[in-house]
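Here are my notes for a first look at this entry. Please read them with the structure open.

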Amino acid sequence: MKYQVKNLKSYFNIQDKAINNPEKFWKKIAKEFSWQTKWNQVLDYDMHKAEIKWFDGGELNMSENCIDRHLKLRGDKTAIIFEPNDPKEKEQHISYKQLHEEVSKMANILKGQGVEKGDRVCVYLPMIPELAYTVLACARIGAIHSVVFAGFSANALSSRINDSSCKLVVTADGSYRGDKQIDLKSIVDKALTNCNTVKSVVLVKRTGQKLDFQHGRDLWYHDLKKEVDDHCDPVIVKSEDPLFILYTSGSTGKPKGMVHTTAGYMVYSAYTFKNVFQYEEEDVYWCTADIGWITGHSYIIYGPLLNGATTVMFEGVPSYPNYNRFWEIVEKYGVNQFYTAPTAIRSLAKQDVKFVEQHDLSSLKVLGTVGEPINEEAWNWYYNHVGKEKCPIVDTWWQTETGGIMISPIPFSTPTKATYATFPLPGVQPALMDADGKELEGRLVKGSLCIKFPWPGIARTIWGNHQRYINTYFKQYPGMYFTGDGALRDPAGYYRITGRVDDVIIVSGHNLGTAPIENAINEHSKVAECAIVGYPHEVKGNALYGFITLKKDCSESEQDQLKKEINVLIADSIGPIARLSRIQFSDGLPKTRSGKIMRRILRKIAAGELNDLGDISTLLNPDCVEEIIKNRQ
Ligand code: WTA
């Protein structure tokens, strides 16, 4: 691929080219893909209106670029290795040829159900090959996939289905996660009781568990598969036609359906994959994320397949049947690049180091992390015990909205530094902003992280609400994209991401907005009001602490019962990942004179930073602070 970074000097050189002439830079990379029609204009943008177009006028198909383009050279090469939850179950090696067949069949199944270009398809599947087939099948026929992480509740699922009026849902009877079996189909049934745009449900058999089959709506995938052809011509779409919608939590309001379009996302995910992982033709690459998140979209499916790579797809969890599972898989397939989340690293670092040492990890070349800041201890453990001090760690900073990695070391080129994401990737122009909206120049500064210039992978809008897209990302710092993160720049020009500057809390790498959780709690008839804050947690990075006032006092045993009920409400409304680790009932919550809850104080109390509460004398009700501190959980 053009502009591949090979050493630090070439990084600076390439970054200069990308900044001085972005159109020429991205055009040269884009040329390596397969186009039906070439673009008229590489870039057209207005950062104030949040209107960004890359490769406008071009026509192409994403699945053709991921699969068909490789058939001649790599037809028999393994595209996907599927490693099941249960190590006793046989793995699958799916070649590019087989992938072509499976995706074509799935595409014909979708077409048979009336799915057309531009229609939305909801994908609620466990990490099984059919998930990749469905995503690529949508891309093949120009339908827009909306993958919903299969750990979300029925309510969360139905609100996502309704927001983008999905026509069809692809799901499974159940899923395996460690020693648990989850009844996916009944979650879908419950969700669909209030989704009237969904006409059919395609059902993949995974667990074989009993289910309530609804004739006229539900269809077995294995039955449909027998009837369809294994050839399906790719539907040609425009560069700026949407490829997918992926929901992400904001600090307020309902989840935002981030829309990614075809050509820019393709070029960006492919280029960043190749450079950040320094992928070589025979390498085996493994990203442990779930395809329900952006990391899985860009770096399990699209980025790797666009590069003709072999990508591992793992159904299970790091602790099942034992804490050596990740390392066993690395050894089994000779994994060369391994990409995971700090939460997973922290939980594994707590186990006996023999779990790592009993495996031959010599195949590893590059280690990656994503999703949240990685603390120094976890970084060192990863570097020393997994990488044996020879594998660079790429601490990759990016977001659902950015489509691909934005700030990261390039292995073997950028010297790594624990907890630093280091340099922006070629074409990325970060800026740190102060509270007055001025850009902080120079080194050794700390501020809000913005991006000054468009890159091809940026989301184009929020589904159905462009104004919200503008308000959320382009209003605070006019002319720039605002990330919602804080960062600092060190004397070498390295960036370190310090965490969210808004009310999004990242728990085990999952973004959670406080507002939807608070809304769920407020549904309880005994709750008067509440505030959720995050506090540091050894393994999860952050955990959730809920401060709740009740309408009427209740006894201790009633309180225990209430805590359970509140967590059930949260699990039903969002999913088990949003449950509170600590709940404290109090008579009042600290408020400003205008009646706003002072979360800053609650955050300090939750974190145990009691000597650092700041001035509380201006509060409406300073007395409640003392009571809250006294009863801290
Ligand atoms: C956080 C995940 C520190 C950040 C790809 C961002 C990180 C949010 C890092 C996006 C990192 C992601 N260091 N923080 N290397 N990577 N984040 O949308 O707060 O699920 O805004 O995308 O995760 O999370 P999302």
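Is R217 buried or exposed, judged by relative accessibility? Keep the question in mind; point 1 settles it. Note also that this is a predicted model.

1. **The pairs around D189.** R217 counts as buried, because its relative accessibility is 14%, and the cut-off for buried is under 20%. R217 forms a salt bridge with D189, with the closest N and O atoms 2.6 Å apart. This pair links distant parts of the chain. D189 is in helix α8, while R217 is in the loop between β11 (200-204) and β12 (218-220), 28 residues apart. D189 also meets the side chain of K185 in a salt bridge, at 2.9 Å from N to O. Here both residues lie in helix α8 (residues 184-192), 4 residues apart, about one turn of the helix. D189 is buried, at a relative accessible area of 11%. K185 is buried too, at 1% relative accessibility.

2. **A salt-bridge network.** The whole structure holds 34 salt bridges. Some are linked: E83, K90, E91, R325, E328 and K332 form a network. Within it, E328 and R325 pair up, their closest N and O atoms 3.6 Å apart. Both lie in helix α12, 3 residues apart, about one turn of the helix. R325 counts as buried at 0% relative accessibility, whereas E328 counts as partly exposed at 29%.

3. **Two domains.** The domain assignment gives domain 1 (8-317 + 396-487) and domain 2 (508-630). Their centres, taken over C-alpha atoms, are 34 Å apart. Domain 1 puts 12 residues into the contact, and domain 2 puts in 14 residues. Together they bury about 840 Å², 50% of it on carbon and sulfur atoms. On the domain 1 side, S153, S249 and W293 lose the most area to domain 2, together 36% of what that side buries. What polar links are counted between the domains? There are 5 residue pairs in polar contact, and 0 salt bridges.

4. **The nonpolar cores.** The largest nonpolar core has 162 residues. F55, L99, F277, Y302, I517 and I521 touch the most other members. Helix α10 (residues 262-277) gives the largest share, 10 residues. A second, separate core has 28 residues, including V284, V330, L361 and V386. Back in the largest core, take L99 as an example. Beyond four places in sequence, L99 touches I67, A79, I80, I94, Y133, L136 and L305.

5. **T310.** This residue is in strand β17 (residues 310-314). T310 is buried, with a relative accessible area of 7%. Leaving aside neighbours within four places in sequence, T310 is in contact with K77, T78, A79, I81, Y279, D283, V284 and Y285.

6. **Helix α13.** How many residues of α13 (residues 342-349) are buried? The count is 7 of its 8 residues, so the helix is mostly covered. The buried ones are P342, T343, A344, I345, R346, S347 and L348. They pack against α12 (325-333), β18 (337-340), β19 (366-370), α15 (376-386) and β29.

7. **C554.** This residue sits in the loop between β29 (541-550) and α18 (556-573). Not counting residues up to four places away in sequence, C554 touches Q559 and L562. The C-alpha atoms of C554 and F585 are separated by 9.8 Å, with the two residues 31 residues apart along the chain.

Note on methods: Residues numbered from 1 in each chain as written. Predicted model: local features only at pLDDT ≥ 70, side-chain atom pairs only at ≥ 80, totals over all residues. Heavy atoms only, no water. Core = buried A, V, L, I, M, F, W, Y, C linked by side-chain atoms within 4.5 Å. Buried < 20%, exposed > 50% of the residue type's maximum accessible area, 1.4 Å probe, protein only. Helix = DSSP H or I, 4+ residues; strand = E, 2+ residues; numbered from the N terminus. Contact = heavy atoms within 4.5 Å. Domains from an automatic or database assignment. Buried area = accessible area lost by both parts, 1.4 Å probe. Salt bridge = Lys/Arg side-chain N within 4 Å of Asp/Glu carboxyl O. Polar contact = N/O pair within 3.5 Å; in protein donor to acceptor, adjacent residues only side chain to side chain.
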